[in-house]
Structure formats: structure tokens, C-alpha cells
Amino acid sequence: MPNQQRRDHDLRSWLNRLSETGRLAILKSGVDLHFELAAIANRLDGNRASLFPKPAGHDMSVISGLISDRAWMAEALGVEKSELVHAFQDAVANPLPSKLIETAPCQEIVHDDPDLGEILPIPTHNELDSGPYIAAGLAITRSPQTGVQNVSIHRLQLSGPKELGALILPRHTLAFFEMGEAEGKDLDIAIVIGASPAALLASQAVVPINFDELEIAGALGCAPLEVVRCMGSDIHVPAHAEIVIEGKIVAGARAPEGPFGEFPQYYGERAERHVIHVNTVTHRKNPIYHTIVGGGLEHLLLGAIPREATILTTLQRSFPCVRDVHLSMGGTMRYHLNVQIENPKIGEAKNVIAAALGSHYDIKHVVVVDADVDIYDSEKVEWAVATRFQADRDLVAIHNAQGSKLDPSTDDDGVGSKLGFDATVPPAAPVFKYTTIRVPGEEDVELDAVINAEAQFSDIVTDGD
Ligand code: MN
């Protein structure tokens, strides 16, 4: 990554950067954790990060919205905005093993008999959330078979002083847990709060099982990530994180969890879910607690960028015509994918649609456009659909496919329809038919040189003779 200049290995250096550049709002102390904190964070989301000192009488400060802009994320990783997805692709292709150290800031203070609600300022975000949720915790587990770690984010309901309810979807954390659950084995877990922007982003990488996502964080930072062994397990956690919760996912235990406000702007429902028993909490001196407000920009962006990188890598493997992909904001940065292609062979846009719909079950609608259409601009993409798409010829429909369970329009199993829109100019079309209008010289006009700022309308257009 030749463009890389800045490396923020921890949360604090990034917060410093935001503060120095007027992008960190410091709120009054004593803000209510019940809705008020999330309300303020949502109002500032995308413009400024929110730092809440001593909310509701807690000593710990809360931070939110620290990477709620694509450009900020690029800046935190030291790359140009246009290079963000490529930098992530590079990091996934060239992971850097972590470096184990003996003593770490994240273990400066140790609570052996923790009461989570007392130690941590855990907010309640959306109206119908079942209660306080830990929403920005990196869940780190270790495969019982291979010993390789996994990192992911799960919504964690505060269910008791030492108990969390977790939504663990069928991916790697669940696979590790199920390797031992039938024999009654719990799975050690560490929940890391206040990790670096790189680690947060790395946790969302779509990579195979037995791929420690922390090694992506190292690659994004251009140096091995320093990790420390947990107090009560063999899990290695980022040494410079703010807070670490150590515990176990309990074999055979399920308890009600939810509802919780999710990225599609609807609630994930209440159901019997996994239970985490907490043994120990460690943290830095004067730690900062990070929360992600459900459905906010930070929530959307953290999922989108790693997915874009994975989907782009997948598509480019089969289709050299694919230039770029984008998960649009209106599509909750999960469901709507725009794909830009250049010089496709006849019919190839359809193959790209089929592959894109197969690249992640969340993807519901795919629009493929030509290289002259800015896929980051939804109006331009809509224009391409309006002027280059005919449903009888350009629509791809797949019904009864696996979709997102959080999309309320799918059935109870998350099954629904997928559509692809080939909004490219047909390769055989007459050139003139698709020649876009332009006025020669328009972009070269210097308005200051041609506007007469002194002239009055009434001097030019006069009544009578
Ligand atoms: Mn994984």
C-alpha cells in the first residue's frame, strides 16, 4: 500500500485526530444512557463523532460515530477514499500475524467479580430495544479444532450482572461453539470494546473460517497488531483496546434476546438465543466505551466496506470487465449492489449479475452499469436504469432464494426474490443512439470571467423604447 501515510493502531490516536480537526463533539456530562445518548449521537452522525463524559453518573466516557463517513475510514487507515476498498482487498490478501506481548494497557485494571451494568455505561439505543446493548464489541473466539481465532461483532443484550444474550448467526463463531456444545463444552469468548478503526473494519471481513481477522487489522496498520493473552483463556486480544470482557458461551443454554434496532431500520425480533456468562472485565485506566447506535451510519459503513472488497475480489476473479462495486446507502449498504463494468462481451453483464447475487445472501438487487456511470451516485445509476434498461431483455429474476432475515419483506426463513438490472448499453447498439448530449466547451467556461457582476437587469431590459 504505497499511499499509506497514517497508521492509527488504537482508538485514542484516531479520536485525537478527530478532535484536532473539529470532528469530535464533546457533550455535557450526565447524559442519560436511556435514549438520550443515542438521540444525540444520531443527530451528529456523519458530521461529528460524539464523546460523552460521565454519562448517567458513570466514570467511563462513551464514544460513538467515530467512523461514520467513508472518507474518515480511509483517513484512519491512511489511504485515499478512492483506494479504501482496494486497501482492504490488499490487507485480506496479505494478512500480518499478530505480535504477542506480555503486559498490555487493556489489562491495567482487573474486575474479578464484575457487575457489567455497574462497570460499563451501556446505552439503550432504539425505542423498542429490549434494554441496554453492547453493540460495538469485537467477539473473539478460538477454534477448538485448529486453534485459529475468529473475530466478529454480535449484538449483546445485557441480561444480568454477569450475563449477556447474543445473536450468533450461522457463521464462524457459531461453528466453533457447535464443535463442542454436544459434549457439553462451553466456548471461551473475549469481547473487545474500544478497538482501533482498523480492527473494527477487519472484524467485518468476509473471509474463510480459520482466518484470524486480527491479521487483517495488522495488515491495514502496516505492522503486526500487538495482542495480549486473556486473563482466563488462551484468546489473544488487541493490547491497546480500551475494555475486554472475558467469558464463555454456555453449552445448552438459550434465553430470550431482542428486539434490537438493526441496520435495515427495522427491529431484529425477540427469540431464544445464546447465553454468555462473564467471568472477568479488564480495562485501561480511564477507559473509553465505544457504542454503535443500531441503524446509524457507523453501523452501515462498517459492514459495507469489507463486503464491497470481498464482492469485488470475487467478481474480478471471473470477470475482468468488472471495475468497481458499491453497496448503496438507500439499499441499507447491504441489499443493493451497483456494479460498474467496462467493455463487456455480449451477455456478460448477465453473468456478472448472476455471480453478484450469489456472492452474499444479503444482496437482493443488482444494477450493472457502464464505465461512464458513477456507481457512488444513486441518481446517475437511476438514470442508467431509466435510459438503458428494458425489462423484457435486461431483467434477471431469481425467486425463492435465501435472503436477509432482517429484510421484513422476506418470509420467516429469510427467503425471497432477487432481481438483476442490466443497465448497460448493448454492445451491438448503434453508437449514435447512446451518444450522450454535451455542449462543447462547457467545462472550460470560467464563470467569473464571463459574468458581468456590475450590470443590473433593469439596465439591460428597459420598459418602453
Ligand atoms: Mn471469520
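Reader: Where is the place of Pro 259?
Author: Pro 259 sits in the loop between β14 (243–257) and β15 (260–261). Please note that this is a predicted model.

Reader: Which two residues does the cis peptide bond join?
Author: The cis bond joins Gly 258 and Pro 259, with omega at about 0 degrees.

Reader: And which residue other than glycine has a positive phi?
Author: Gln 265 has one, with phi near 75 degrees. Gln 265 belongs to the loop between β15 and β16 (267–268).

Reader: Let us turn to the overall layout. How is the chain divided into domains?
Author: The protein chain has a domain 1, spanning 83–285, and a domain 2, spanning 319–425. Their C-alpha centres are 32 Å apart.

Reader: How many residues of each domain are in contact?
Author: Six residues of domain 1 are in contact with six of domain 2. The area buried between the two domains is about 740 Å², and carbon and sulfur atoms give 71% of that area.

Reader: Which residues of domain 1 lose the most area to domain 2?
Author: They are Phe 263, Pro 264 and Tyr 266, which together account for 58% of what the domain 1 side buries. The residues on the side of domain 1 that touches domain 2 comprise three nonpolar, one polar and two charged.

Reader: How many salt bridges cross that interface?
Author: The rule finds zero salt bridges between domain 1 and domain 2. For polar contact, the rule finds one residue pair across the interface, with both residues at pLDDT 80 or more.

Reader: How many salt bridges are there in the whole structure, then?
Author: A search of the whole structure gives 24. Among them is the pair of Glu 75 and Arg 17, whose closest N and O atoms are 2.7 Å apart. This pair links distant parts of the chain, as Glu 75 is in helix α3 (residues 70–77) and Arg 17 is in helix α1 (residues 11–20), 58 residues apart.

Reader: Now the metal. Which residues coordinate the manganese ion?
Author: The manganese ion is coordinated by Asn 150 through OD1, His 172 through ND1 and Glu 213 through OE, at 2.1 to 2.3 Å. Along the chain, these donors follow the spacing N-x21-H-x40-E.

Reader: What parts does the pair of Asn 150 and His 172 tie together?
Author: Asn 150 lies in strand β8 (residues 149–153) and His 172 in helix α6 (residues 172–181), so the pair ties together parts that are 22 residues apart in sequence.

Note on methods. Residues are numbered from 1 along each chain as its sequence is written. This is a predicted model: local features need pLDDT of at least 70, side-chain atom pairs count only at pLDDT 80 or more; totals for chains, interfaces and linings use all residues. Side-chain values use heavy atoms; hydrogens and water are left out. Domain bounds come from an automatic or database domain assignment. Contact means heavy atoms within 4.5 Å. Buried area is the accessible area (1.4 Å probe) that two parts lose on being put together, summed over both. A salt bridge is a side-chain nitrogen of Lys or Arg within 4 Å of a carboxyl oxygen of Asp or Glu. A polar contact is a pair of N or O atoms within 3.5 Å; within protein, one must be able to donate a hydrogen and the other to accept it, and residues adjacent in sequence count only if both atoms are side-chain atoms. Ala, Val, Leu, Ile, Met, Phe, Trp, Tyr, Cys and Pro count as nonpolar, Asp, Glu, Lys and Arg as charged, and the others, Gly among them, as polar. Donors are N, O and S atoms within 2.8 Å of the metal (3.2 Å for Na, K and Ca); water is not among the atoms, so sites may look incomplete. Helices (H or I, at least four residues) and strands (E, at least two) are DSSP runs, numbered from the N terminus.
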